[in-house]
Amino acid sequence: SNAGVELVLSYTSNEKMIYYKTCPNCESTRFHPVHLNDGNPVTGFLTKFSEYYFECENCSIVFLNPRLPDDELGAYYDKYSYVKLDQIKSLTKHFDNLRRETVSTYYNYLSVMDEVNALNPQSMVLDIGGGAGDYSAFLKNKFPSFEVTLFDYRIDERVKKALSKRNIATKNCNFLKENLHEEY
């Protein structure tokens, strides 16, 4: 149910969830739910029938709806969900070895493969909020001809250098304040 999705996505926060009536990127009112082929491995409670990711029919961005307010977004990135960068000795080896045992969101990557396979081989891909670049590296490993750019607010020099070797562009930014529709 919508109430169940909100409960799980709130991560027990008492803050009121934000519901988008328009696309947060281009403000289109035309968007549809995107269903995963499996449940969300991080939360464990949302099924493949739950509606919480939506794709804009105008600009194709996929966004979480509902979501926590900006100052609560850190709840989505708990210490159990992601490998800490300082625990990864070699980013090159890590990016070459992306699989379920090394990436907690690996099944999410696989769940959108039908859509990714349908893209033009020369597609430009923008990974918004991609953290240390695991999904960007996954895409580049599978689709070397894609032009991939990673946006995150915390890309350190080590990650930037490792992704640059894979021909993945990076941009440190607060993507919540970027005008992605005009620039990308």
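Leaving aside its neighbours within four places in sequence, with which residues is L163 in contact?

## Contacts of L163

In this predicted model, L163 is in contact with F95, A132, G133, A137, L150, I168 and T170, once its neighbours within four places in sequence are set aside.

## Overall composition

The protein has 184 residues, of which 39% are buried. Its secondary structure consists of seven helices and six strands. Read from the N terminus, the elements follow the order α-β-β-β-α-α-α-β-α-β-α-β-α.

Of the contacts between residues at least 6 apart in sequence, 53% join residues at least 24 apart. The accessible surface amounts to about 11300 Å², and carbon and sulfur atoms account for 49% of that area.

In soluble globular proteins, nonpolar side chains tend to be buried together. The largest nonpolar core here contains 23 residues, and F138 and L163 have the most contacts inside it. Two or more residues are given to this core by each of α2 (91-96), α3 (106-111), α4 (113-117), α5 (134-142), β5 (147-152) and α6 (157-165). Helix α5 supplies the largest share, four residues.

Another core lies apart from this one and has nine residues, including V8, M17, Y52 and L68.

## Helix α5

Helix α5 is mostly covered, with seven of its nine residues buried. The buried residues of α5 are D134, Y135, S136, A137, F138, L139 and K140. One of these, A137, is also among the residues in contact with L163.

Key:
Residues numbered from 1 in each chain as written. Predicted model: local features only at pLDDT ≥ 70, side-chain atom pairs only at ≥ 80, totals over all residues. Heavy atoms only, no water. Core = buried A, V, L, I, M, F, W, Y, C linked by side-chain atoms within 4.5 Å. Buried < 20%, exposed > 50% of the residue type's maximum accessible area, 1.4 Å probe, protein only. Contact = heavy atoms within 4.5 Å. Areas by Shrake-Rupley, 256 points an atom, 1.4 Å probe, with all protein chains shown as cover.
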